[in-house]
Amino acid sequence: MDIFLQVLIGAVLQGALYTLGAFGLSLSFGVLKILNLSHGDFLTLGGFLGFFALTYLGINPFLSASIAGLLGCGLGWLFYQGLISRIVGRSFRQMLTTSVMITLGVSLIIEDTTSFLWGGGSTGIPYQLSNIEWGGVVFPLLRVTLLAGTVFLTIGLHLFLTRTYIGRAVVAASMNPVGATVVGIDTRFVGMLTFALGIGLAAGTGVFYATLYSIEPFMGLGLTLKYLAIIIVGGMGSLPGALLGGFIIAASESYTTYYIGAQWSPLIAFTILILALLIRPQGLLGKAEA
Amino acid sequence: MTAKFTCPEVRRSKRRSGLILLAAAMAGAALVPVLGTSYHISLVFFLFISITLASTYDILAGFTGYLNLGHAAFFGMGAYVFGITIQAGGGTALALVLTPIVTVIFSVAIAYPLFRLRGAYFGIATFGVLNVMGVLATNLRDLTGGTTGLSIPPTVSTEITFYMAGVVCFAAILLNTWIATSRLGLGLLATREDEEVAEGSGIGTMRIKIYAMALSAVLPSFAGAAYMWQTTYIDPASGFGSGVAFAPVIMAMLGGSGTVIGPIIGAIFLTVIEEVLWSHVGYLQLTMYGIVLVCVGIFMPGGLMRSNYFAKFYARIGLPDHYGYQPSRLLRIMSEDSK
Amino acid sequence: MKRRSWKILAAVAALSVIAMAPASAQDVIKIGVTAPITGGLSSIYSIQGKLWDAWTQAQNEAGGIFVKSLNKKLPIKIVYYDDKSDPKVSVKFYERLISEDKVDFLMGPPGSPIAFAASTVAERYKFPMIHGAASDPQIFARDFHYIQGVLGPATDWSHYFFEMLGKEGKVKTAALVVEDSLYSRGVAVGVRQLAEKNGIKIVVDQTIPADNQDFTAITSQIKQANPDLVYVATFPPFYIRFAKQAAELGLHPKALHCSTCSAVSVRNGLGAEANGITGEVFWIPGMKLGDYKMLERALEISGLDPVQWTFALISIPALEVIRVGIEKAGTLDREAVYAAIQSNEIPTVMGTFKAMGKGIGTLNPLPMQVQDGKVGVIFPPEAKTMDYKFPRN
């Protein structure tokens, strides 16, 4: 029972990190219908920023996450202006293929340039917080803080999307872009904002990712694909869905690792993805396709 | 039922020049082992495989609009089935027979459930299938060798595998041409433009989609077998990894998805760029690759073949117009013909 | 219409010829190789090209290699390509090295899966290939005659470490965590045998996918079993994740060993937790074997840290072996040089190389430990620079 709980706690905490990473992707895909394959690379960039911040400036990860987040938003805004804005107006099928090409291209550029400048090798942010032990189960404080932060962020984003004008504009634009324009919402601005926000979230998450795990220049694409699986399972464009999806994937991976064997856990994640797509394509909490 | 359709855009004279070009290319390719070095053989061998994968990928992607991001699974399966059969002592002939059979059965099996999905979801699901195959290849160690990989003794000369890959490649080109000018292709194009309307017009969309998927699976499996025969080593990353998965997609998109020539041009273009870049420039090759992708995505969204920048050039050198890119005329013809 | 088709064909042909123009022949000794400078294995090999350039520079500064048949010293040039950690690309480039660049000798690519595929090319063209960092026994179990590795088999990877543990007798139980990759599995096979030979019982034995993120389950398992030693057969990215989470969850084994950890990246990622970790390293400054001055000069030119890039350094003995082979054979004829390599004992910076049959070599890494930020070799007695500290804190 002890182990069961420990694995469960681990899964919840892992899920929090997955969710943070997936939020940004959910936003940009939900609103803009753009598959941003370079999402994971902004996460890596954030991680490197956090690493340098701690090593050379002594800034702790929580602070550097916020900085990374803001810088990420700025980068995302530039990304949008420079590249995405040129393809937004096109037909849906064309947008799918071109967004894949462009974002894949950007992903390669970021990964390769980072590897070239960094000189290779993997690293992580060496930052430790103490743990809480309670009834034989260990709660790593860093992760608990992260979980709290994620829940806080989810509530905050949810309030933003339902209570503020801009937030509701974002939701409107994701449901029906033409209708949104008709009622006076500047969909271009909304799209830009969402995209920038998504990238900023990725960068911020990257700092935490580097603190908990390791980062290296070429890991971005694999991460993006995993987050894609999460938002599909949970529901595209739905933030609570990303939370749910993150938890489900994390739990199934952890339990598979413990009870069946670690080598089968990637299979579980993809099987869940495929089943989710077949049974309920809009995800558990997503809205049905118009 | 017996009348074979020719796409209206394809005037006979232009079609003939296309065939002449193809014949010339085949002759040129056949001469490579004679005139070139082993490096040229290797280069063109991999080019053949790339063209095969890109063209067969485009059977689904270009004609039906369904992006099968897991297309590389057929290649990986081909390589593994071939290798496993040989390792089990089955002999080359049996291996070459089993490879397409197993792969086609697999393709039909996944087609049934997956074709209920549309658009991006289909793409993601097929990519998921590819990864599942990769995980299976890694974990079923006794069958596939897992991460250690599968190895067979090098028994065949590079010339034979070269010609095998060449035959497969030209078969893929001819297959695409045939589909483009057949009723099947017409049905697929109709499905792409509006599936409900096509279904309503009497096209069994599910049936022809599965048929197209099966067709697109045969040749990559042979390509995989040729690759395994030549390199004698396969592991999950080489057979089912992201590199193998995205390359045909990029090539098809780059060249122009939905045209017969597009994937070929895309494959050749990328292969040439890779060779020129990677042989003469030391660093940042992937960055340049990425820049190429971004530029094509922004400035030439339909691919090189549909680019307005080159349209005049294409007209002057007499390349046929892109097949089947004007659906409304095709649909009209289709309904005229129905009983 | 016909004329236009010929025009296209001519253009394409011209382009291809230009693209494939080979480099012009020169009066140098050319050694051909590919390396995973980008891609999945780049975390340990991304600077490989830089190291080779530096070594070539150091070698040519000293005048080059003496070839008796030409009665002069010739400079070396290492022709290398980036294989992007992809066996297909490596195979293609090796074909190019043989037929276009017309190199004199081949080195094997670092990375076992890549080496697996590339060695087939060498065997097919009967072109001798000296392997550096690719030691999985399966590569050499195929009865190929033209490949020779400098490393001992992967299964012998930690034999010094376990010998030391056996002598000290303080470690009785161990947990074995293996990353699912060709090389790590090979090491693990050896670890199981070595542990048994030295009286250590393995209480946990798990193989985990290379990109696994969550180690809660395995850590819980290990905590329950409470072994003296935790042995992780893996590469740095996996190890950093594991060690961080293990520390988080309160797993502090008395001895923690990683088969490839290089102190710098481990230290970067783990901070204070890295104290007392043991691993294997091929070469550290202070070792005075083989042509160490050349290596030190190369490291000086390139500014690389030998401990962090310990894997990339393995190709240096391969180069030394080729050089001595040329000197002993007195000619650039491949067969003669290869025969000389097979029949001589050759001193290298990492120990004495001797061809052990079937392409296996004799070089092995030495166990090292991180103590208070410093790295030292802990065994065998004749090579060690610091004492092994157990338990680690």
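This is a predicted model: local features need pLDDT of at least 70, side-chain atom pairs count only at pLDDT 80 or more; totals for chains, interfaces and linings use all residues.
**Notebook: chains A, B and C**

Residues are numbered from 1 along each chain as its sequence is written, and chains are lettered from A and ligands numbered from 1 in the order in which they are written.

I looked up the backbone of C:Lys126 and found a positive phi of about 50°, although the residue is not a glycine. Most residues other than glycine have a negative phi. C:Lys126 is exposed because 11 other C-beta atoms lie within 10 Å; the scale I use calls a residue buried with 20 or more other C-beta atoms within 10 Å of its own, exposed with 12 or fewer, and partly exposed in between, with C-beta atoms placed from the backbone.

I then turned to C:Asn226, in the loop between α9 and β10 (229-233) of chain C, where phi is again positive, near 50°, in a residue other than glycine. C:Asn226 has 13 C-beta neighbours inside 10 Å and therefore counts as partly exposed.

**C:Phe93**

Is C:Phe93 buried or exposed? I find C:Phe93 buried, because 28 C-beta neighbours lie inside 10 Å. C:Phe93 belongs to helix α4 (residues 87-99) of chain C. Leaving out residues up to four places away in sequence, I list C:Thr34, C:Tyr81 and C:Asp83 as what C:Phe93 touches, a contact being two residues whose C-beta atoms, placed from the backbone, lie within 7 Å. I also checked C:Ser42, 51 residues from C:Phe93 along the chain, and the two C-alpha atoms are separated by 18 Å.

**Domains and strands of chain C**

I recorded two domains in chain C, domain 1 (25-153 + 285-364) and domain 2 (158-258), with bounds that come from an automatic or database domain assignment. Their centres, taken over C-alpha atoms, are 31 Å apart. Domain 1 of chain C brings 7 residues to the contact and domain 2 of chain C brings 8 residues. On the domain 1 side, α2 (42-45) and α5 (112-124) of chain C each supply at least two residues, and that side divides into 3 nonpolar, 3 polar and 1 charged; here Ala, Val, Leu, Ile, Met, Phe, Trp, Tyr, Cys and Pro are nonpolar, Asp, Glu, Lys and Arg are charged, and the others, Gly among them, are polar.

I next followed strand β8 (residues 173-179) of chain C, which runs parallel to β9(C) and is joined to it by 7 bridges; two strands pair if DSSP finds at least two bridges between them. Within this pairing, C:Leu176 has C:Asp205 of β9(C) as its bridge partner. With helix α8 (residues 182-197) of chain C, the strands β8(C) and β9(C) make a right-handed β-α-β unit, that is, with the strands pointing away from the viewer, the path from the first strand over the helix to the second runs clockwise.

**Between the chains**

Which element gives the most to the side of chain C that touches chain A? I noted 35 residues of chain C in contact with 35 residues of chain A, and α10(C) gives the most to the chain C side, with 7 residues. That side of chain C divides into 11 nonpolar, 18 polar and 6 charged.

I looked at helix α11 (residues 265-279) of chain A, whose 15 residues should span 21 Å at 1.5 Å a residue, in agreement with end C-alpha atoms 21 Å apart; the expected span is 1.5 Å times one less than the number of residues. Its buried residues include A:Phe270, A:Ile272 and A:Leu273, and what covers the buried residues of α11(A) includes α9 (220-234) and α10 (239-259) of chain A together with α5 (119-139) of chain B.

Last, I noted 16 helices and 2 strands in chain B, and buried residues make up 55% of its 339 residues.

Note on methods
Helices (H or I, at least four residues) and strands (E, at least two) are DSSP runs, numbered from the N terminus.
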